[in-house]
Amino acid sequence: MTEPLNLVLFSGTDDRLTAASVLAAGAAALGKPVNVFLQYWALDAFRRERIAVDHGLAPEAGAEGRAHVDALRAAGQASWADTFRQAKELGGVDIEACSLSMDLLGIEEKDLDPIVDGVEGVTAFYLNAGEGQVVFI
Amino acid sequence: MTTNTIDRQLDAKGLACPLPIVKTAQSMKEMVSGQLLEVLATDRGSVKDFAAWSKSTGNEIVEQTTDGGVFRFVLRKK
């Protein structure tokens, strides 16, 4: 279990970010290092000012999907941001913002939530990814 | 005597995957080798998840019972 899990987060909707946070936390609980690389709309969702707001769902969710997600939340399911925080408490989880996406969105490191560890380019991401799987969400 | 003395308890009932395992891993970090952790969980994936976590991390499941949808595990820290 020494090879890291490498998650590339692209989508910024709550359902996809929740799925990603579950994968990250599960791997962290197994003692697996996790590298998270934030691009585009996922990075936008990790802004300090936006991390706690409603980010909507993927188009395939529809009204019925929305109702299921709301019911699970009402039953006490943790938000994706909280699940990432829990994963980070276990250690071995590194969350990096894609520098290109930072330029695209016109945001600075200070605009990001503190659970983001830093900013890096794709080369650093691949170097840290090593021989581990890369998952694009 | 083979009765196990529980050193620490974790109530993870009502928590959805992966939080029961995450909180178990967090609790274990604060324990010392050989201590026993009792976990209660209701997540339907718990039986397979705790088995996989135990196998992967080396923390042994010494007791496992189910009572009305509540899964109970006693784990010994490696």
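Guide: Tyr40(A) counts as partly exposed because it has 16 C-beta neighbours inside 10 Å; with C-beta atoms placed from the backbone, 20 or more others within 10 Å make a residue buried, 12 or fewer make it exposed, and partly exposed lies in between. The model is predicted, so local features need pLDDT of at least 70 and side-chain atom pairs count only at pLDDT 80 or more, while totals for chains, interfaces and linings use all residues. Residues are numbered from 1 along each chain as its sequence is written, and chains are lettered from A and ligands numbered from 1 in the order in which they are written.

The phi of Tyr40(A) is near 45°, a positive value in a residue other than glycine. Most residues other than glycine have a negative phi. Tyr40(A) lies in helix α2 (residues 40-45) of chain A; helices (H or I, at least four residues) and strands (E, at least two) are DSSP runs, numbered from the N terminus.

In chain A, an open sheet of 5 strands runs in the order β4-β3-β2-β1-β5, with parallel pairing; two strands pair if DSSP finds at least two bridges between them. At its edges stand β4 (118-120) and β5 (134-136) of chain A, each with a single partner strand, so one side of each has no neighbour in the sheet. Neighbouring strands are turned by 30° against each other on average, direction ignored. (Axes are lines fitted to C-alpha atoms, for helices over the stretch in contact, and angles run from 0 to 180 degrees between N-to-C directions.) Strand β3 (residues 93-98) of chain A pairs with β4(A) in the parallel sense over 3 bridges, and Cys98(A) stands opposite Glu120(A). Helix α6 (residues 122-129) of chain A lies across β1, β2, β3, β4 and β5 of that chain, at about 165° to β2(A).

The largest nonpolar core has 46 residues; such a core is a set of buried Ala, Val, Leu, Ile, Met, Phe, Trp, Tyr and Cys residues joined through C-beta atoms within 7 Å. Among the members that touch the most others are Val36(A), Leu38(A) and Ala87(A). Helix α1 (residues 14-29) of chain A gives the largest share of this core, 8 residues. Not counting residues up to four places away in sequence, the contacts of Ala87(A) include Ala24(A), Val93(A) and Val22(B); two residues are in contact if their C-beta atoms, placed from the backbone, lie within 7 Å.

The contact between the chains takes 15 residues from chain A and 12 residues from chain B. On the side of chain A that touches chain B, α1 and α4 (80-90) of chain A each supply at least two residues.

In chain B, 4 strands form an open sheet in the order β1-β2-β4-β3, and the pairing is mixed. The twist averages 15° from one strand to the next. β1(B) and strand β2 (residues 36-41) of chain B run parallel, joined by 5 bridges, and Ala12(B) stands opposite Ala41(B). Helix α1(B) lies across β1 and β2 of chain B, at about 160° to β1(B). Pro18(B) sits in the loop between β1 (8-12) and α1 (19-29) of chain B, and the peptide bond from Cys17(B) to Pro18(B) is cis, with omega near 5°.
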